[in-house]
Amino acid sequence: MKNKVLNFYVEELRAPVIVFKDMKVLYITYRTLGYLLILSILLLPISLFFWAYTPIPTYIVIALLVSLLILFCIFHRIINEKAYDFVRKNLNVKNIKRGNWRLGFDEYQVGKMIAFLEKNKLYCRWKIEKMIEQYQKEIRKNLLSPLITPSILITLLTPNLNQLYSYIYGANVELSWKVTTFIIIFGITLILIMLLNLFSWMKKEIIDDFFNPKNSRIENLISLLEEVLLTIQTEKNDRDLKLEI
């Protein structure tokens, strides 16, 4: 039964299926810009390996990163405006502020999920809690395989990266140039950290697709079912209050 609920969520309740179905070109462009932005961030440290010889690759990557960042922000604003209009007009969710369309969409999802659970005789606390527990076990099981590969990759890459940095700093150049290189690398590292923090909201929609999209969808479904549990508790509290009166 948990697979039936998951299939219903994936095929009928996700934002790409409902909100973005009529703006596929815009949505695909938006996501592609996100992928390219992540790629440019990854290319930036690699370009620094050539800094001791020529800074041109680093300048090119920085220019590309800034351009993609501007385009991504523009498309993010456009797609949010269109999604806001869609949620208000097509899903009949009125009490939402511009830019917060996801709050209205979450409300719509909860209503649809409750109707589905009631239809399939699953709308009770213990059944929903049992499904959440099973989904959490599935997430842990799916995490086992991806966790191995990055650890091996880091083990293999670390000595080589250390040698490359040693080669850059050990190149036959003036000390002032080495100090400048260090400051630039350190500054770019800080910029990368700030960018990752600033765009942490990208994780839900973009970054998870690279690693484990199934887990991402299950986690979103768990969040939705937890909202349903809150609704059940609210209904129970209302009934208890009426009995007391």
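Predicted model: local features only at pLDDT ≥ 70, side-chain atom pairs only at ≥ 80, totals over all residues.
The whole structure holds 3 salt bridges, so let us visit the others. The side chains of E129 and R125 meet at 3.1 Å, N to O. Because E129 and R125 are 4 residues apart in helix 6, about one helical turn separates them. K137 and E133 also form a salt bridge, with their closest N and O atoms 3.7 Å apart, and here too the spacing is 4 residues in helix 6, or about one helical turn. K137 is partly exposed at 46%, as is E133 at 38%.

Now step back to the overall fold. The protein has 9 helices and 0 strands, and 34% of its 245 residues count as buried. Among contacts between residues at least 6 apart in sequence, 75% join residues at least 24 apart.

Finally, look inside. The largest nonpolar core has 52 residues, and V19, M113 and L117 have the most contacts within it. Several helices supply at least two residues each, including helix 1, helix 6 and helix 9, while helix 4 gives the most, with 10. Take M113 as a guide: beyond its neighbours within four places in sequence, its contacts include V5, F8, L221 and V228.

Conventions. Residues numbered from 1 in each chain as written. Heavy atoms only, no water. Core = buried A, V, L, I, M, F, W, Y, C linked by side-chain atoms within 4.5 Å. Buried < 20%, exposed > 50% of the residue type's maximum accessible area, 1.4 Å probe, protein only. Contact = heavy atoms within 4.5 Å. Salt bridge = Lys/Arg side-chain N within 4 Å of Asp/Glu carboxyl O.
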